[in-house]
Amino acid sequence: MGRRLLNYLLLLLLVLLVVVLQVNLTCAGGEDSSTSSSSSSALFIFGDSTVDPGNNNYIETVPENRANYKPYGQNGFFQQSPPTGRFSDGRVIVDFIAEYAKLPLIPPFLEPSAEYVNGVNFGSGGAGILSETNQGLVIDLKTQLKNFEVVEKALTEKLGEKGAKKLISEAVYFISIGSNDYMGGYLGNPTMQQLYHPEEYVGMVIGNLTQAIQELYEKGGRKFGFLSLSPLGCLPALRAANPKGNEEGGCFEEACALALAHNNALKAVLTSLEHLFKGFKYCNSNFYVWLEDRINNPSKYGFKEGMNACCGTGPFRGLFTCGGTKKVTDYQLCDNADDYVWWDSFHPTERIHEQFAKALWDGPLDFVGPYNLQQLFFFNKLTKIFDLVDDLNRYSADLLTHN
Ligand SMILES: *[C@@H]1O[C@H](CO)[C@@H](O)[C@H](O)[C@H]1NC(C)=O
């Protein structure tokens, strides 16, 4: 009997799907075209150098937090001189995501001519979740959220309250931040290590990240994407700084452990937020394992080098001198960045950014989930179906356990 009922429900679901789809298709033409005209959502980006498109060009900071000089951007995708300020040989992950979502490039918030209707990028190289991380040299997450309020206001002026609310609730919020809290903010900061045990510190970082997510949710954000932390101890800079340097080429274990603890805590938080916040949908992934695999088996993925950086100097080219604008001006540059996992001592190549953007976009749901980014972007008006499927799942789970 349970099965017949389930079949019936599935049929019902299909019929509803078709009806909703048709309603959406017929309504699409009559939509207010002053809001984003494509079927895609806007993209708001928060984070650090993994996503910064050049915000740091506009703030006072140190050369370490900038990338608007050669050889950054050397692959020429952005035909711009000086380079845009992306910490890559070309594009970064959110450039690809915008492309897949059929959006134009998402501008840096601080760019004077930035338009907001397709989203904005608040990311800042060196930034942390905690205000203490690289304080005074970056735009920390709290300030990035303040900047979002500026955008919110401008959108309300442009689109009216209703239009702005709609844009904000349909937008995707992509958050990629946390590495700097563990590297410079903790492992590079003896005071913090004295004040907090590693577990306590992770709790504090995750607590502040959770607050940020909640704030965006309260402003109307519903769809979130996360780039979890990479195996931080295997960054060329951290391999080079590994106190157990005698283990030739080993990853810096404490850094890896912190990244893993952070990722596990984030995963747990997201699962509970999904239950607590109605309509909260997200895409998370296991960037740690994904990148570790490429670092250890580069040839399996079309790379030649997984350990050493393309640009930098010293062991693993882990001394962060790429570009020659810092204290030590000596640096070497590889012939072909596409052969490398790591572009400089801290940042992956465009190729890695692209491969990972693809994985997040339509990656298999055992790796990316509960939703992939494609679903978050394009199933806008179909959120009712998501909810229906949720209800059905719950209902059929009930049926099965009770039979
Ligand atoms: C956020 O971080 C600050 C330190 O910057 C800390 O004092 C506070 O307890 C943290 N908040 C949460 C909710 O963990």
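This is a predicted model: local features need pLDDT of at least 70, side-chain atom pairs count only at pLDDT 80 or more; totals for chains, interfaces and linings use all residues.
**Overall make-up**

The protein chain has 403 residues, and 44% of them count as buried. Its secondary structure comprises 12 helices and 9 strands. Taking contacts between residues at least 6 apart in sequence, 68% join residues at least 24 apart.

**Nonpolar core**

In soluble globular proteins, nonpolar side chains tend to be buried together. Here the largest nonpolar core has 97 residues. The members that touch the most others are Leu-43, Ile-45, Val-94, Ile-97, Leu-232 and Ala-255. What does Ile-97 contact beyond its neighbours within four places in sequence? Its partners are Leu-43, Phe-174, Ala-357, Leu-360, Trp-361 and Leu-373.

**The five-stranded sheet**

An open sheet is formed by 5 strands in the order β1-β2-β3-β4-β9, with mixed pairing. At its edges are β1 (43-47) and β9 (368-370), each of which pairs on one side only. Ignoring direction, neighbouring strands of the sheet are turned by 20° against each other on average.

Strand β4, residues 281-285, runs antiparallel to β9 and is joined to it by 3 bridges. One of the residues involved is Ser-285, whose bridge partner in β9 is Val-368. Strand β3, residues 223-226, pairs with β4 in the parallel sense, also over 3 bridges. In this pairing, Phe-224 stands opposite Tyr-282 of β4. Strand β4 is largely enclosed by the rest of the structure, because 4 of its 5 residues are buried.

Asn-180 lies in helix α4, which covers residues 179-187. Is Asn-180 buried or exposed? The cut-off for a buried residue is 20 or more other C-beta atoms within 10 Å. Asn-180 has 26 such atoms within 10 Å, so it is buried. Leaving out residues up to four places away in sequence, Asn-180 touches Asp-48, Gly-126, Ala-127, Gly-128, Thr-133, Asn-134 and Gly-185. Thr-133 is 47 residues from Asn-180 along the chain, yet their C-alpha atoms are separated by 6.8 Å.

Asn-134, one of the residues touched by Asn-180, lies in the loop between α2 and α3. Asn-134 is likewise buried, because 26 other C-beta atoms lie within 10 Å.

**Backbone exceptions**

Most residues other than glycine have a negative phi, and most peptide bonds are trans. The table lists sites that depart from this pattern.

| Site | Feature | Angle |
|---|---|---|
| Lys-70 to Pro-71 | cis peptide bond | omega near 5° |
| Ser-81 to Pro-82 | cis peptide bond | omega near 0° |
| Lys-102 | positive phi | phi near 60° |
| Asn-134 | positive phi | phi near 50° |

Pro-71 is placed in the loop between β1 and α2 (93-100). Pro-82 also belongs to the loop between β1 and α2. Lys-102 is in the loop between α2 and α3 (141-170), and Asn-134 lies in the loop between α2 and α3 as well.

Note on methods. Residues are numbered from 1 along each chain as its sequence is written. A nonpolar core is a set of buried Ala, Val, Leu, Ile, Met, Phe, Trp, Tyr and Cys residues joined through C-beta atoms within 7 Å. A residue is buried if 20 or more other C-beta atoms lie within 10 Å of its own, exposed if 12 or fewer, and partly exposed in between; C-beta atoms are placed from the backbone. Two residues are in contact if their C-beta atoms, placed from the backbone, lie within 7 Å. Helices (H or I, at least four residues) and strands (E, at least two) are DSSP runs, numbered from the N terminus. Two strands pair if DSSP finds at least two bridges between them. Axes are lines fitted to C-alpha atoms, for helices over the stretch in contact, and angles run from 0 to 180 degrees between N-to-C directions.
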